[in-house]
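Biologist: I would like to learn how to read a model of this kind, one feature at a time. Where do we begin?

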Amino acid sequence: MLLDREKVTRAFDQYVSDYNADDPKIRLKIDHTYRVAALCEQIGQAVPVVDTDLVWLCGMLHDIGRFEQVRRYNTFVDAVSVEHAAFGADLLFNEGLLNRFCTGLSETEQRILECSIRNHSAYRLSPDLSETEITYSNVLRDADKIDIFRVNCDTPLEEIYNVTTEDLKNSFVSEEVKECFRNRTAVLRKLKKTPIDYVVAHLCLVFELVYPISRVIARKQGYADRMLSFESDNPDTAEWFAMMRSTIWE
Ligand SMILES: [Fe+2]
């Protein structure tokens, strides 16, 4: 595909300038977008059949719904506002927003783009996707997860999870969440009950990385390891973190 990346970047900067970049929530998503797009390209280069321009575009547009979400609802919590992935895909593909970023995509390219954006935050990919759609979705999902580890380190946990330091330091990891870690799988939203459950759940994303290159990048960036160095005042949680540190990359 022939993509005018400069045009996409300009259009993105223009689009987000309508939102308040001084709002840390908006700033976070702008930085996240650029990082995810770069990661998509990096992972995509290691995956045959992936067009690096198209997968970069998936990264650039994957969270476009976040800006309207935070403007309208002042939250990133989908459960109390809108499903940001579907919302973004609707804005792009049903309300014509895509044309601001690029025109002339083939039907197949549009389908891949829409599908990967719509599915990027789903717990599991829908079984009726084509092999190509699965591949692009997986690259995007890996890139998004890798950058979540960074966000967990660059933003105070209290802010991300809306909890006090005391609660975070003292809380227990719920048994169901521990079970997910033992089974090396992602944690369903409804299983997270305590503040530290959210941190463990984010760490469990390591297990969901599809491509070996994604694990290599995540490990090299070191953010997941920094999350693992969390010092809990709760002896049970401290012990649990020690166990996670020694087994997560096995
Ligand atoms: Fe997202």
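Biologist: How many residues of domain 1 are in contact with how many residues of domain 2?

Modeller: The model is predicted. In it, 15 residues of domain 1 are in contact with 17 residues of domain 2. The side of domain 1 that touches domain 2 draws two or more residues from each of α2 (24-45) and α8 (131-154). Helix α8 supplies the largest share of that side, nine residues. Sorted by class, the side has nine nonpolar, three polar and three charged residues.

Biologist: Which residues have the most contacts inside the largest nonpolar core?

Modeller: A nonpolar core is a set of buried residues joined through their C-beta atoms. The largest one here has 52 residues, and Cys40, Cys58 and Leu61 have the most contacts inside it. Helix α3 (residues 52-61) gives the most to this core, seven residues. Both domain 1 (1-156) and domain 2 (164-250) contribute residues, so the core lies between them.

Biologist: What is cysteine 58 in contact with, beyond its neighbours within four places in sequence?

Modeller: Cysteine 58 is in contact with Cys40, Leu113, Ser116, Ile117, Tyr136 and Leu140. Cys40 is also among the buried residues of α2.

Biologist: How do I check the length of a helix such as α2?

Modeller: Compare the expected span with the distance between the end C-alpha atoms. At 1.5 Å a residue, the 22 residues of α2 should span 32 Å, and the ends are 32 Å apart, so the two agree.

Biologist: And what does one look for in the buried residues of a helix?

Modeller: An α-helix has 3.6 residues a turn, so residues three or four places apart point the same way. In α2 the buried residues include Lys29, His32, Thr33, Val36, Ala37, Cys40 and Gly44. The buried residues of α2 pack against α3, α4 (65-73), α8 and α13 (212-221).

Biologist: Which residues have a positive phi without being glycine?

Modeller: Valine 49 is one of them, with phi near 70°. Valine 49 sits in the loop between α2 and α3. With 9 other C-beta atoms within 10 Å, valine 49 is exposed. Asparagine 74 is another case, with phi near 55°. Asparagine 74 belongs to the loop between α4 and α5 (84-93), and its 10 other C-beta atoms within 10 Å make it exposed.

Biologist: Is threonine 185 buried, exposed or partly exposed?

Modeller: The count of C-beta atoms decides: 20 or more within 10 Å is buried, 12 or fewer is exposed, and anything in between is partly exposed. Threonine 185 has 13, so it is partly exposed. Threonine 185 is in the loop between α11 (175-182) and α12 (195-203). Setting aside residues up to four places away in sequence, threonine 185 touches Cys180, Cys204 and Phe207. Threonine 185 and valine 206 are 21 residues apart in sequence, yet 8.6 Å apart in space, C-alpha to C-alpha.

Biologist: What separates arginine 5 and methionine 60 in sequence and in space?

Modeller: They are 55 residues apart in sequence and 9.8 Å apart in space, C-alpha to C-alpha. Arginine 5 lies in helix α1 (residues 5-16) and is partly exposed, with 14 other C-beta atoms within 10 Å.

Key: Residues numbered from 1 in each chain as written. Predicted model: local features only at pLDDT ≥ 70, side-chain atom pairs only at ≥ 80, totals over all residues. Contact = placed C-beta atoms within 7 Å. Helix = DSSP H or I, 4+ residues; strand = E, 2+ residues; numbered from the N terminus. Nonpolar A, V, L, I, M, F, W, Y, C, P; charged D, E, K, R; others polar. Core = buried A, V, L, I, M, F, W, Y, C linked by C-beta atoms within 7 Å. Domains from an automatic or database assignment. Expected span 1.5 Å × (residues − 1).
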